[in-house]
Amino acid sequence: MVQEVAAGIYRIEVPLPGNPLKYLNSYLIRGRGKNLLVDSGFNRPECREYLLEGLRELQVDLSETEFFITHCHADHYGLLASLAGGGSRVYCSRADAELIDKMRQRAYWQNIGSLFRLHGFSAAHLEEALKDHPGNRYGAEKKVNFAHVADGDEIAVGDYVFTCVQTPGHTPQHMCLYEAGQKILFSGDHILDDITPNISLWEENLDSLGDYLKSLDKVSGMEIDLVLPGHRRLLAGCRKRIAELKAHHQTRLDEILAILRDGEMSAYEVASCMSWDLTFRSWEQFPLAQKWFAAGEAMAHLKYLLDRGKVKKTAKDGTAVFSLKR
């Protein structure tokens with residue numbers, strides 16, 4: 001499906017088979033002499049077929065197209081290696097570009113597995129979870145040479161001049177694009193409408209949730225009439241949605257503090273007690289992928305509480321456990 005969402009800006013819905021996100025919104029901005037494609041889809045034949053069909057419908061020449069990747073999740077960058085030619089410029093933040101490169105290496109997955117194991121993820125399920133992780137299965141097949149962009153950098157395409165807006169949280173250096181004249185924001189996965197972006201702990205020393213909440217405040221202060229997100233519906237403005245997202249995470253934090261009244265727990269155990277908007281009756285019925293992302297969310301929220309003195313962390317038989325700080 002191709003839809004013109006603003007003058008010279010087109011949304012191409014790229015299906016994500018078997019994924020609860022359903023589809024990715026890839027955006028083509030038509031320019032004079034060069035176009036810009038924002039995000040691409042998984043490195044899967046189904047995604048490639050739909051994206052190329054949309055680009056053919058728009059009569060886009062990929063040799064005259066540059067690429068902008070909002071962040072380092074495979075549903076946003078996976079097809080890059082097969083789309084971008086040797087002379088194509090591919091924009092991405094430095095930190096997320098480096099992560100995209102690391103995800104092609106076995107050592108990265110060993111390190112992320114060790115982090116989740118530390119926080120109580122079942123050793124019996126760890127290898128399967130890593131093997132089936134979308135970033136491991138559907139990432140770029142070869143190295144991509146990125147042009148790094150930073151907060152405040154500008155990219156001109158046609159009649160538009162976009163400003164890069166760094167919004168860490170969903171990933172370490174997630175990047176949005178903002179067009180001040182038309183008040184348009186390409187939000188990637190920073191702001192979504194009818195689903196909540198996953199906020200997971202990427203490294204033990206990062207405060208992913210704290211970064212995300214600051215990034216929400218940053219965007220809330222901008223004049224925005226149209227939000228073009230990475231998934232699902234477009235938004236007319238975003239301040240109401242930002243308030244809802246902040247309230248959602250505060251509810252999560254309050255719930256975790258209530259759960260810890262029963263005693264010390266690992267992040268995985270906390271996740272098993274949290275409320276999730278899924279149709280399964282019990283934690284045991286959750287697919288392994290959903291347990292992975294739920295554990296990552298619990299880890300990020302516990303790190304936020306730890307950094308603000310609400311909980312304490314100790315080691316128990318090689319596992320990090322959390323308890324209320326008295």
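Biologist: What does helix α4 lie across, and how does it run relative to β6?

Modeller: Helix α4 (residues 94-102) lies across β6 (90-93) and β7, running at about 105° to β6. Such angles are taken between N-to-C directions and run from 0 to 180 degrees, with axes fitted as lines to C-alpha atoms, for helices over the stretch in contact. Under 35 degrees counts as roughly parallel, over 145 as roughly antiparallel, 65 to 115 as roughly perpendicular, and the rest as oblique.

Biologist: What should I know about the model itself?

Modeller: It's a predicted model, where local features need pLDDT of at least 70 and side-chain atom pairs count only at pLDDT 80 or more, while totals for chains, interfaces and linings use all residues. Residues are numbered from 1 along each chain as its sequence is written, and side-chain values use heavy atoms, with hydrogens and water left out.

Biologist: Which strands make up the open sheet of seven, and in what order?

Modeller: The order is β1-β2-β3-β4-β5-β6-β7, with mixed pairing. Helices (H or I, at least four residues) and strands (E, at least two) are DSSP runs, numbered from the N terminus.

Biologist: Why is one side of β1 and of β7 left without a neighbour in the sheet?

Modeller: β1 (2-6) and β7 (147-149) stand at the edges with a single partner strand each, so one side of each has no neighbour there. From one strand to the next, the twist averages 30°.

Biologist: How do you know that β4 and β5 pair?

Modeller: Pairing takes at least two bridges found by DSSP between two strands. β4 and β5 have four bridges, so they pair, and they do so in the parallel sense. N35, for one, stands opposite T65 in β5.

Biologist: How does helix α1 run relative to β2?

Modeller: α1 (residues 45-57) is at about 155° to β2 (9-15), and it lies across β1, β2, β3 and β4.

Biologist: What makes E66 and K34 a salt bridge?

Modeller: The term needs a side-chain nitrogen of Lys or Arg within 4 Å of a carboxyl oxygen of Asp or Glu. For E66 and K34 the N to O distance is 3.5 Å, so the pair qualifies. E66 lies in β5 (residues 65-68) and K34 in the loop between β3 (23-29) and β4 (35-38), so the bridge ties together parts that are 32 residues apart in sequence. The structure holds 19 salt bridges.

Biologist: Why is α8 called roughly antiparallel to α9?

Modeller: Helix α8 (residues 208-220) and helix α9 (residues 239-259) pack at about 160°, with axes 10 Å apart. That angle is what makes α8 roughly antiparallel to α9.

Biologist: Which residues of α8 meet α9?

Modeller: Contact means heavy atoms within 4.5 Å. L209, Y212, L213, L216, D217, V219 and S220 in α8 meet R239, I242, L245, K246, H249 and L253 in α9.

Biologist: And which strands form the open sheet of five?

Modeller: β8-β9-β10-β11-β12, in that order, also with mixed pairing. β8 (154-157) and β12 (226-229) are at the edges with a single partner strand each, so one side of each lacks a neighbour in the sheet. Within this sheet, β9 (residues 160-166) and β10 (residues 175-179) run antiparallel, joined by four bridges. Q166 has M175 in β10 as its bridge partner.
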